[in-house]
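Please look over the sequence and the structure shown here before reading on.

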Amino acid sequence: MNSSRQSAAERPRARGTDRSQARRAELIAIGRKLFADRSYDALSMDDIARQAQVAKGLIYYYFQSKRGYYLAIVEDSVADLVTFASSGLDHAPVDRVHRTMDAYLRFAEHNQAAYRTIVSGGVGFDAEVQALRDGVRAAIVATIAEGAYGRQDIAPLARMGLFGWVCSVEGATLDWIDRPDLSRDIMRELLVKMLGGAMRAIEELDPTYVTPEPARRDS
């Protein structure tokens with residue numbers, strides 16, 4: 001992205017001091033709580049300032065606009081999820097998949113409005129939110145590829161198989177947070193088993209991508 005078009009979430013007016021960065025982080029933490037289960041349009045800047053118990057001008061000072069503030073909140077939430085999805089290299093592959101899916105579902109469950117925004121691409125067509133969504137997808141595909149095949153640079157067919165699974169996870173998770181008839185544990189196991197099916201399909205079309213032992217039907 002061109003620096004002249006850098007998002008408001010990435011160019012705060014803060015002067016870079018520890019104090020200003022801490023204040024900005026505090027405002028984002030407050031915003032994450034405010035928007036956890038409320039959509040972008042549900043709160044006005046006056047509402048936000050009142051509930052956060054800060055002057056409205058302070059939010060404008062750091063984020064320039066309501067959209068800038070909301071993007072910073074979403075970006076901060078997504079960063080936590082991506083970091084978690086990319087970690088855990090010391091765990092067995094099957095454990096990494098389970099912990100990644102559990103973290104993903106917890107994020108969606110406790111940040112429902114933000115999750116809907118990310119998966120839907122934002123308010124209207126929002127390229128910056130779509131970039132955040134693409135980052136989450138890429139991190140999960142990379143995590144699964146590393147655990148299943150020992151590398152992240154996989155062939156287009158294998159990538160498409162994993163990418164298709166990630167997209168199905170998004171749709172299923174959206175439905176789950178709207179209608180939480182299944183427990184998070186059952187939902188996680190269902191998504192993991194769906195991944196096994198995707199991997200078996202990949203192997204059937206390209207035998208060089210062998211399905212990991214835990215996902216094999218004959219294991």
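What share of the contacts in the protein chain with a separation of 6 or more is accounted for by residues 24 or more positions apart? The share is 65%. The model behind this value is predicted.

## Overall make-up

The protein chain has nine helices and zero strands. Read from the N terminus on, its elements run α-α-α-α-α-α-α-α-α.

The chain has 219 residues, and 44% of them are buried.

## The largest cavity

Two cavities of 30 Å³ or more are found in the structure. The largest cavity holds about 60 Å³ of space. Its lining consists of L81, Y104, F107, Y115, I118, V119, R133, V136 and E170.

Three helices each supply at least two residues of this lining: α5 (93-110), α6 (112-120) and α7 (127-149). Of the elements, α6 gives the most, with three residues. Sorted by class, the lining of the largest cavity has seven nonpolar residues, two charged residues and no polar ones.

## The second largest cavity

The second largest cavity has about 30 Å³ of space. G31, R32, F35, A36, I73, S77, N111 and A114 line it. Helices α1 (18-34) and α4 (66-85) each give at least two residues to this lining.

By class, the lining of the second largest cavity divides into four nonpolar residues, three polar residues and one charged residue.

R188 belongs to helix α9, which covers residues 184-205. Is R188 buried or exposed? R188 has a relative accessible area of 15%, which is under 20%, so this residue counts as buried. The side chain of R188 makes a polar contact with the side chain of D102, at 3.1 Å. With its neighbours within four places in sequence left aside, R188 is in contact with H98, M101, D102 and L105.

G197 also lies in helix α9. Its relative accessible area is 28%, so G197 is partly exposed, a class that runs between 20% and 50%. Between G197 and G161 there are 9.9 Å in space, C-alpha to C-alpha, while the two are 36 residues apart in sequence.

## Two loop residues with positive phi

Q53 is placed in the loop between α2 (45-52) and α3 (56-63). Phi of Q53 is near 60°, a positive value in a residue other than glycine. Why does Q53 count as exposed? Q53 counts as exposed because its relative accessibility is 73%, and exposed means over 50%.

The loop between α3 and α4 holds Q64. Phi of Q64 is near 70°, and this is again a positive value in a residue other than glycine. Q64 has a relative accessibility of 22%, so it counts as partly exposed.

Notes
Residues are numbered from 1 along each chain as its sequence is written. This is a predicted model: local features need pLDDT of at least 70, side-chain atom pairs count only at pLDDT 80 or more; totals for chains, interfaces and linings use all residues. Side-chain values use heavy atoms; hydrogens and water are left out. On a 1 Å grid over the protein atoms alone, a cavity is a set of points where a 1.4 Å probe fits but cannot get out, and a pocket is an open set with protein on both sides within 12 Å along at least five of seven lines; lining residues have an atom within 4 Å of a point. Grid points are joined across faces, edges and corners, and a volume is the space filled by probe spheres set on the points. Helices (H or I, at least four residues) and strands (E, at least two) are DSSP runs, numbered from the N terminus. Ala, Val, Leu, Ile, Met, Phe, Trp, Tyr, Cys and Pro count as nonpolar, Asp, Glu, Lys and Arg as charged, and the others, Gly among them, as polar. Buried means under 20% relative accessible area, exposed over 50%, partly exposed in between (1.4 Å probe, protein chains only). A polar contact is a pair of N or O atoms within 3.5 Å; within protein, one must be able to donate a hydrogen and the other to accept it, and residues adjacent in sequence count only if both atoms are side-chain atoms. Contact means heavy atoms within 4.5 Å.
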